[in-house]
Amino acid sequence: MAPWLIAIIVIGVALLLIVAMSIRIVKQGTAVIVERLGKYHKTLGTGLKFVIPLLDRALHPISLKEQVADFKPQPVITKDNVTMQIDSVVFFQIVDPKLYTYGIERPMSAIENLTATTLRNIVGELELDETLSSRDTVNSKMREIIDTATDPWGIKVNRVELKNILPPAAIQESMEKQMRAERERRENILLAEGEKRSKILIAEGEKEAEVLQAEARKIALLTEAEGQAQAIQKIMSAKPDAAYLTLQGYEALKAMADGSATKIIVPNDLANVATLFTTMKETLAGDKPAKTKTTAKTK
């Protein structure tokens, strides 16, 4: 093979290598920092980009998507001297690749330490009960402080969440006993209210039953009285003689003897029975006969 042909092939391969080294494809959601002769030159965005081989050096792509950093539990002392283990989760996003690359060494370690110190400062001003019931307040304060501190690093902190708050075992046991006692107290209150309501309903039912029974007795007595009055009225309207009244007295005594009475008083003269019915007849008849007799005497 001729020397000139070999030279052309070598030059062609070199050119291909140079072109290949100058092409950079940046994926969506990432950015690439380019240094020229060891100094920051530019930031490559998404798409097909070109650099100068040997002069420019492209660093590793940096993700611009939101990321999650889950940090291990940290010992934190509250205002009332209770040591708790609290682990936190930080949601952040790189908004400036240049500041993220040159702003601080090991940015993730810096965020973890910043989160731990901020958490200790905030919880140290709260008591145990406030810490357990004020998660949203702690989260908001931490996000604000950490976001301000990470601005020079090109990092935007979107959210900070306290994932677990673990008090000491003795305090956990005490809290469980307190919660158990509170549940039992509520249960006893509900049972007492239910029993009270039940007794009220039973008393109201008994009262209504007594009222109904009294009404029934009243109606029965009125009905019986009306029946007796109507019977006497019919007897009086029929103008019974003394023999009929005496016979009715015998029937009444017979009914009394057939009953459950253990002692019966019989009048000496059964004619008194007739006299009784006669008196009742005159009473129901009114004062008309008396007025007639008076008029007759006047004449």
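1. Basis of the note. The model is predicted, and local features need pLDDT of at least 70, side-chain atom pairs count only at pLDDT 80 or more, and totals for chains, interfaces and linings use all residues. Residues are numbered from 1 along each chain as its sequence is written, and side-chain values use heavy atoms, with hydrogens and water left out.

2. Overall make-up. The protein has 9 helices and 10 strands, where helices (H or I, at least four residues) and strands (E, at least two) are DSSP runs numbered from the N terminus. Of the 299 residues, 22% are buried; buried means under 20% relative accessible area, exposed means over 50%, and partly exposed lies in between, with a 1.4 Å probe and protein chains only. Among contacts (heavy atoms within 4.5 Å) between residues at least 6 apart in sequence, 65% join residues at least 24 apart.

3. Helix 3 against helix 5. Helix 3 (residues 107-123) packs with helix 5 (residues 135-150) at an angle of about 135°, and their axes are 10 Å apart; axes are lines fitted to C-alpha atoms, for helices over the stretch in contact, and angles run from 0 to 180 degrees between N-to-C directions. The two helices are therefore oblique to each other, given that angles under 35 degrees count as roughly parallel, over 145 as roughly antiparallel, 65 to 115 as roughly perpendicular and the rest as oblique. The crossing of helix 3 and helix 5 is right-handed, that is, with the near helix turned clockwise from the far one by less than a right angle.

4. Residues of that contact. From helix 3, Ile111, Leu114, Thr115, Thr118, Leu119 and Ile122 meet Val138, Lys141, Met142, Ile145, Ile146, Ala149 and Thr150 of helix 5. These residues divide into 9 nonpolar, 3 polar and 1 charged, with Ala, Val, Leu, Ile, Met, Phe, Trp, Tyr, Cys and Pro taken as nonpolar, Asp, Glu, Lys and Arg as charged, and the others, Gly among them, as polar.

5. Threonine 115. This residue of helix 3 counts as buried because its relative accessibility is 1%. A polar atom of the threonine 115 side chain lies 2.8 Å from the backbone oxygen of isoleucine 111. Residues up to four places away in sequence aside, threonine 115 touches Phe71, Ser88, Val90, Met142 and Ile146.

6. Serine 88. Not counting residues up to four places away in sequence, serine 88 touches Ala69, Asp70, Phe71, Thr115, Glu161, Leu162 and Lys163. Its C-alpha atom is separated by 8.8 Å from that of leucine 119, 31 residues apart along the chain.

7. Glutamate 35. Located in strand 2, glutamate 35 is buried at a relative accessible area of 10%. Its side chain is joined to that of tyrosine 102 by a polar contact of 2.7 Å, a polar contact being a pair of N or O atoms within 3.5 Å, where within protein one must be able to donate a hydrogen and the other to accept it, and residues adjacent in sequence count only if both atoms are side-chain atoms. With neighbours within four places in sequence left aside, the contacts of glutamate 35 are Tyr40, His41, Leu55, Asp56, Arg57, Leu59 and Tyr102.

8. Two backbone points to check. Most residues other than glycine have a negative phi. Leucine 37, in the loop between strand 2 (30-36) and strand 3 (39-44), has a positive phi of about 55° although it is not a glycine, and leucine 37 is exposed, with a relative accessible area of 69%. Arginine 106, in the loop between helix 2 (97-102) and helix 3, likewise has a positive phi of about 55° without being a glycine, and its relative accessible area of 60% makes arginine 106 exposed.

9. Glycine 103. The loop between helix 2 and helix 3 also holds glycine 103, which counts as partly exposed at 39% relative accessibility. The C-alpha atoms of glycine 103 and proline 152 are separated by 6.5 Å, with the two residues 49 apart along the chain. Apart from neighbours within four places in sequence, glycine 103 is in contact with Lys98, Pro152 and Trp153.
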